[in-house]
Amino acid sequence: MPTITGRSAVDELPSADGRPPLEADTATTGRLGDRIFGGLAMGSGILVITLVALVGLFLVAQAVPSLLNNNANFLTSREWVPSGADPRFGIVDLLWATIITSILAMLIAVPLGVAVALFITQYAPQWLSKPAATLVDLLAAVPSIVYGFWGLKIAGDYFKPVAEATSSVLGWIPFFRWDGTPSAKSTLAFAGIILAVMILPIVTAISREVFAQVPITHKEGALALGATKWEMIRVAVLPFGKPGIISAAMLGLGRALGETLAVTLLLSALNTSDAFSFSVFGGGETFASRIANDAGEFDSAQKTGAYIAAGLVLFILTFIVNAAARVVIERRKAFSE
Amino acid sequence: MSTLSTADEAVATRTVASDAFGRKSGARAVKDQLARALMWGAFLVALIPLVWILGATIVKGGHMLVDADWWGKSQAGITARREGGGAVHAIQGTLIQAGVTALISVPIGVLTAVYLVEYGRGRLAKAVSFMVDILTGIPSIVAALFIYALWVTTLGFQRVGFAVCLALTMLMIPTVVRSTEEMLKLVPNELREAAYALGVPKWKTIMKVVIPTSFSGIITGVLLGLARVMGETAPLIILGPYTAVIATNLFGGLMPTLPTMIYQNYSEANQPAIDRTWGAALTLILIIFLLNLLGRFAGRFSKVKS
């Protein structure tokens with residue numbers, strides 16, 4: 001039965017030599033030391049639960065009063081005037097920018113990450129496999145703000161010809177229309193590309209792990225039937241790794257949704273008077289970048305509450321995506337025997 | 001794995017007529033080679049940003065770091081137009097906050113992992129494990145907003161360094177729990193059973209047998225977790241505003257850090273400020289990479305192998 005928990009407790013599986021799992025609980029004595037230590041361990045566990053519960057509680061508690069004062073529809077309005085006598089704020093612009101950049105990031109990072117994982121596990125010569133994995137992991141070690149600064153000062157300038165070419169060929173589709181504003185490096189498309197680089201390591205790491213677990217017999221079977229290496233990957237490795245790839249994609253998506261600084265440095269606020277643009281070459285702010293941009297202005301409870309409400313929506317979004325990823329991983333566990 | 005890769009190489013390149021896949025036609029061979037080229041290409045493409053970012057930060061910020069002032073002076077009294085000054089205030093702030101964050105999150109994280117592996121059964125363990133997953137997925141900005149709601153709005157305190165540490169703790173706990181958990185699971189049950197058979201109480205078994213056996217693995221997890229939170233900027237922007245002077249008080253006043261030093265200067269047009277931003281970026285990357293390397297190095301001494 002799939003659960004949405006990353007089960008632990010030695011996973012209640014028999015060990016390799018077929019013994020039942022260790023029932024360590026019975027080893028506890030009633031001694032003081034045992035009671036204190038066991039209590040501390042359980043206390044830490046309970047603390048973690050409390051922490052998550054408190055996050056939800058505090059965010060809801062401080063968002064609700066502001067939401068009640070809100071004179072615009074929170075879900076459909078494009079305005080953002082969170083304070084004053086007539087507070088009007090809505091998240092539709094933020095939601096659009098957040099989702100489109102994250103999906104774009106996923107569309108780029110997942111195929112690339114899977115290919116890199118295949119390279120590391122199947123194609124790389126043995127001496128290269130481990131260093132290659134480390135190098136890709138190091139991408140995750142570059143701080144978010146450095147990605148943003150690099151995109152702003154250096155990489156962004158190289159994106160301009162790409163944006164021009166794309167919009168001149170595909171500009172008749174509203175999705176790719178671009179009239180030169182905002183500048184190429186402030187477009188949602190470029191933010192999506194930077195996010196793709198940032199989530200590439202996590203997608204690669206998870207895919208790599210499942211590809212490494214493909215039973216050798218499956219691979220040898222395919223090869224023995226005369227499959228080429230690519231055919232072997234197609235019939236043995238990819239089907240086995242599919243749930244892993246899906247959950248890697250969703251965990252990457254969860255990361256991209258909440259990524260803050262890289263996006264904050266690149267994107268800039270839109271005028272709400274401008275017409276809503278469906279183009280990936282449009283501007284806009286994500287939930288995270290709006291909150292970070294305005295962090296210095298949390299002066300009244302009403303105003304803070306509006307930003308906390310936006311944060312709450314982001315929390316719920318990432319929660320759903322991560323829980324879905326977890327379900328997929330659990331399914332795989334159930335069938336991988 | 002390793003023995004197979006040479007073997008399947010040999011099998012794959014041999015032309016075998018078979019029932020399932022048909023004769024190895026030219027098209028199939030071409031496809032195979034194309035796939036191989038694509039995978040190599042993907043890897044090289046993935047390396048571009050890493051090399052590019054590192055190269056750019058070193059070229060643009062490297063000259064700042066060779067100056068002794070960088071490691072010895074703060075930015076006190078230095079405007080965006082003026083050269084000079086250093087980053088020691090920000091480096092100190094980053095290290096202090098990281099240290100305090102580790103001090104809080106390592107005991108909680110390790111104990112939670114001990115609970116999950118050694119004690120936890122049933123519903124509570126499932127709930128804890130699920131909540132750790134949720135914590136893993138919490139965006140740093142949401143963690144920061146939560147601490148803001150708790151620390152500033154509810155408790156009425158100022159935005160100080162310690163609040164940043166609390167937010168970073170929330171991000172670090174799940175990585176410590178997960179890595180420690182993996183390590184504790186690798187400790188063979190025979191070791192525990194041997195200790196119990198000698199009449200050693202459970203808590204002593206954990207403290208003297210289980211944790212020492214997996215110690216270097218736990219250290220690896222802690223260092224990698226620390227490397228992750230050190231680069232986090234969102235909590236700093238919301239909870240720990242920048243200042244140009246040396247400030248080491250976690251409970252009062254502003255506290256500068258490397259990420260906020262970058263954030264402070266990133267939009268400046270004056271060359272000295274731009275240089276400083278690249279210098280701070282390079283310093284931060286160096287510290288984080290160093291922690292990463294140390295973590296991986298510590299893992300080599302692990303007594304248990306995955």
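Begin by selecting residues 14–18 of chain B, where pLDDT stays under 50. For this stretch the model has seven contacts beyond four places in sequence. The structure is a predicted model, and the tour therefore opens with its confidence values, pLDDT being the predictor's confidence in each residue.

**Confidence in chain B**

Colour chain B by pLDDT. The chain averages 87, and 91% of the residues score at least 70. Select helix 1 of chain B, residues 2–13: confidence in chain B is lowest here, at a mean of 49. Then select helix 4 of chain B, residues 88–119, where confidence is highest, at 94. For the complex, the predictor gives an ipTM of 0.86 and a pTM of 0.87.

**The two domains of chain B**

Next, colour residues 2–62 of chain B as domain 1 and residues 88–299 as domain 2. The C-alpha centres of these two domains of chain B lie 37 Å apart. Five residues from domain 1 and five residues from domain 2 make the contact between them. On the side of domain 1 that touches domain 2, one residue is nonpolar, three are polar and one is charged.

**Where chain A meets chain B**

Display both chains. Here 88 residues of chain A are in contact with 94 residues of chain B. Select helix 1 of chain A, residues 32–69; with 18 residues, this helix gives the most to the side of chain A that touches chain B. That side of chain A comprises 57 nonpolar, 23 polar and eight charged residues.

To view the contact itself, show A:Gly33, A:Asp34, A:Phe37 and A:Gly38, which meet B:Lys202, B:Trp203, B:Lys204 and B:Ile206. By class, this contact between helix 1 of chain A and helix 9 of chain B has three nonpolar, two polar and three charged residues.

**A buried helix in chain B**

Finally, select helix 12 of chain B, residues 258–265. This helix is mostly covered, with eight of its eight residues buried. They are B:Leu258, B:Pro259, B:Thr260, B:Met261, B:Ile262, B:Tyr263, B:Gln264 and B:Asn265.

Against which helices do the buried residues of helix 12 of chain B pack? Within chain B, they pack against helix 4, helix 11 (234–239) and helix 13 (271–299).

Methods
Residues are numbered from 1 along each chain as its sequence is written. Chains are lettered from A and ligands numbered from 1 in the order in which they are written. This is a predicted model: local features need pLDDT of at least 70, side-chain atom pairs count only at pLDDT 80 or more; totals for chains, interfaces and linings use all residues. Two residues are in contact if their C-beta atoms, placed from the backbone, lie within 7 Å. Helices (H or I, at least four residues) and strands (E, at least two) are DSSP runs, numbered from the N terminus. Ala, Val, Leu, Ile, Met, Phe, Trp, Tyr, Cys and Pro count as nonpolar, Asp, Glu, Lys and Arg as charged, and the others, Gly among them, as polar. pLDDT is the predictor's confidence in each residue, from 0 to 100. Domain bounds come from an automatic or database domain assignment. A residue is buried if 20 or more other C-beta atoms lie within 10 Å of its own, exposed if 12 or fewer, and partly exposed in between; C-beta atoms are placed from the backbone.
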